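This briefing goes with the sequence and structure shown below.

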Amino acid sequence: MTLAATLQVLYGSQTGNAESIAKHLHEEAISRGYDSRVAVLDDYEQVDWTASSVLVIVVSTTGDGDFPDNTTKFFRWTRRGSKDALAAAFGGKRFAVLALGDTNYTNFCQTGKRIERRLLELGAATFVAKGLADDATGLEAVIDPWVATLWTLLPTLVCCDSAKAAAFEARASQPTSAVLKKQKLETAESAAPMDIVPEVSSDDAMDIDTPAHYTPLKIQINSSSCPKSSEEVIGAAIIPSEYLSVTVTGEQRDPSVSKQSLFHLFKTSNKSDPFEYTANNLFAAKIAGHRYLTGSKALKRVLEVTFDIKGLEWKAPAGGVIGISAPNPDDVVLPLLKRLGLEPHSVLNVSLATGEKGIGGLPFVTDVPYTAYEAFRYFLDLNPPLRKPFLRVMAEYAADESERATLLHMTSTAGAAVFKSLKQASPSLSDIFATFPSVSQIPLNRLFETLTRLQPRFYSISRINHTEGTISVAFNIVEYKNEVTGKPVVGLCSTFLESLVKTSGGGSSGTESILVPIFPKPNVVFAPPQNLSLPMVLIGAGTGITPFLSFLQEREAAAAAAAQKSDPTVILGQVGLFHGRRFADKVDGDRIYGAELDEYVANGVLSRFVEVMSRDAVGATKYVQDGLLEEAKYIWSVLENGGSIFVCGGVEMARDVHAAIGKIVAESGMVEGGEAGVKAYLKQLSADGRYLKEIWS
């Protein structure tokens, strides 16, 4: 069999996991002597599909079976592109799929499965069984053996530079201690911690008081099974290649400018298409107002924030979603910079190292060079998923031998249990450094190469005012205790937005200078049917109700337009809403958007409104699934009449609702085939866009 000339790594990623894995595979492939390229799936037009290549696709699934935002265009192309072009691109091509998912969701790894199925239909052939990595039990349990199999098979499929391959194998077979960079370790052992970040005065722009939830926590690791020295470690991961050059220029930037926002790092330009604004090209929205939607009895605060989006030129649709790029707080950023001995305000020159051709590409691209502080505040994920490549880099700079051995051990197959125990603690970057205190002064290029990028947070739009050019989102202020460590945890974006409105007063003159980086999310699937005559059932618990406000707003506008035209042919389908909350109290409880919903009932937009209270339950009806079962005939009538069901809320609620709907379908007596028939019926509903879920863990 003729060997392919190149390896083409492709990825689709929503939170950065799949991207990080793909780029690491690409980087290692180059080290192993392969001519490797890497691209995001939606950049398919930049890929030479006619080249002699083998494809490796790493892709995640977002929500309950949805494609990542940067994958939808690719899949659409494989369905609607020119038959000749698709045949030339995929006919006879060998490929492999590594799919990331979560078995807490019904449609586990759906994106990877659909891509593999489609490529097989187009004439491509797999050379290794697809990997289905489960975040609920630990991605590494599948990823590690799948990747090992990949490296075993690739030499039989793709040409490689034998000299580079031999050098890689020689390095991989050396004792772990032989590949440690002793000169760096000696420097780390002898150097005193660098007090780069000075003591701040009360008028300093960076003045902070570190709260408990940001205080680094040393995680207790059961290291009884760990080797005591690096000499004893067997099978540690190969250290990721260095490909970035980071140098400090002589230029300093005013801390107050750096702290205010990231917009000074980019050129200002108005876009004609609102979807030209992306996570890498953000729109500066102003806060037009805010209000709390919950009372004193509520266990969680729900905040609504209204944004002025005039200038975005976006007529937000019902079901619309925005991404918000929240910065890391100074309470985390400044201590980390000090801990790592990094000067925060010097402007950096970041480029590919001499001789490198973009192994992983630049970590983030700006129009104006950034400082270390700006990189940590706006671009690096400081609560990253624990990854072995980063631990392997940390081992290079551990001055303590036992810490070095533990770090190396966790990157090996034998150390999987220790790695998993640390990962289950969900440590922040600060926690990881507190757990391994001898690790210091990791160069910036190594941090940029191995840490994942800070991802935007997405929020469904609840209310839209096209006249005033505003949109509103509502969300819980995320606060909880880590189940493993007991450490208090707060949400990045919800805390950021609440701090803005608390500081400014929200809607007053204090918000005029506050710019929030946002962008509209394209290709939203969770949206009401275009045929307004079809009925809908909306099911949500807590803040899961928020997108449904925009659904109802659309129906109300359609009814008003029909009334104004006196058009008797316009008949709007009935809408039923099932909302679960804790308390019955309409004033001091958690009845969010209560006044708006009561008005929708009064004007007939909402034909059926079922409220279920778990703490103040009436009889056995405590949760939304109980309410659904009590209204089984109504639910089935909606389905029989071509209606749609929408579910929004936590994954456990969605699972219970799914079971309730399955029971209703089964007891209707209209679906044959028993349990298998019910599953097939619900699957077809989903495929037809009539049973949609927006859920989170």
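**Cavities, salt bridges and selected residues**

The model holds two cavities of 30 Å³ or more. The structure is a predicted model, in which local features need pLDDT of at least 70 and side-chain atom pairs count only at pLDDT 80 or more, while totals for chains, interfaces and linings use all residues. Residues are numbered from 1 along each chain as its sequence is written, and side-chain values use heavy atoms, with hydrogens and water left out. A search of the whole structure finds 31 salt bridges.

**Cavities**

- A cavity here is a set of points, on a 1 Å grid over the protein atoms alone, where a 1.4 Å probe fits but cannot get out; lining residues have an atom within 4 Å of a point.
- Grid points are joined across faces, edges and corners, and a volume is the space filled by probe spheres set on the points.
- The volume of the largest cavity is about 70 Å³.
- Its lining consists of Pro-384, Pro-385, Leu-386, Arg-387, Phe-390, Ile-432, Thr-450, Leu-451 and Thr-452.
- By residue class, the lining of the largest cavity has six nonpolar, two polar and one charged; Ala, Val, Leu, Ile, Met, Phe, Trp, Tyr, Cys and Pro count as nonpolar, Asp, Glu, Lys and Arg as charged, and the others, Gly among them, as polar.
- The second largest cavity has about 50 Å³ of volume.
- Lining the second largest cavity are His-24, Glu-27, Glu-28, Ser-31, Phe-168, Arg-171, Ile-238, Ile-239, Pro-240 and Ser-241.
- Two or more residues of this second lining come from each of α1 (17-31) and α6 (162-173); helices (H or I, at least four residues) and strands (E, at least two) are DSSP runs, numbered from the N terminus.
- The lining of the second largest cavity divides into four nonpolar, three polar and three charged residues.

**Salt bridges**

- Side chains of opposite charge can pair when their charged atoms come close.
- The term salt bridge is used for a side-chain nitrogen of Lys or Arg within 4 Å of a carboxyl oxygen of Asp or Glu.
- Glu-28, one of the residues lining the second largest cavity, forms a salt bridge with Arg-32, with the closest N and O atoms 3.0 Å apart.
- Arg-32 is buried at a relative accessible area of 15%, and Glu-28 is buried at 16%; buried means under 20% relative accessible area, exposed over 50%, and partly exposed in between (1.4 Å probe, protein chains only).
- A salt bridge also joins Glu-304 and Arg-291, at 2.7 Å from N to O.
- Because Glu-304 lies in strand β9 (residues 302-308) and Arg-291 in strand β8 (residues 283-292), this pair ties together parts that are 13 residues apart in sequence.
- Glu-304 is buried, at 1% relative accessible area, whereas Arg-291 is partly exposed at 30%.
- Asp-598 and Arg-591 form a salt bridge of 2.7 Å, N to O.
- Asp-598 is partly exposed at 34% relative accessibility, whereas Arg-591 is buried at 8%.
- Shared partners link Arg-581, Asp-590, Arg-591, Asp-598 and Glu-611 into one network of salt bridges.

**Positive phi in residues other than glycine**

- Cys-109 has a phi near 55° and is not a glycine.
- The loop between β4 (94-101) and α4 (110-121) contains Cys-109, which is buried at 1% relative accessible area.
- Tyr-593, also not a glycine, has a positive phi of about 55°.
- Tyr-593 sits in the loop between β18 (575-581) and α18 (594-602) and is buried at 2% relative accessible area.

**Surface and loops**

- Leu-352, Leu-362 and Val-365 make a nonpolar surface patch of about 240 Å².
- Such a patch is made of residues with over 30% relative accessible area and no salt bridge, with nonpolar side chains (Val, Leu, Ile, Met, Phe, Trp, Tyr) joined within 5 Å and like charges within 9 Å.
- Accessible areas come from the Shrake-Rupley method with a 1.4 Å probe, and for residues only the protein chains shown count as cover.
- Leu-362 is in the loop between β11 (346-352) and α10 (372-379) and is partly exposed at 37% relative accessibility.
- His-466 is in the loop between β12 (457-465) and β13 (470-476) and is partly exposed at 44%.
- Between His-466 and Phe-609 there are 27 Å in space, C-alpha to C-alpha, and the two are 143 residues apart in sequence.

Notes:
1 Å grid on protein atoms, 1.4 Å probe; cavity = no way out; pocket = protein on both sides within 12 Å on 5 of 7 lines; lining within 4 Å.
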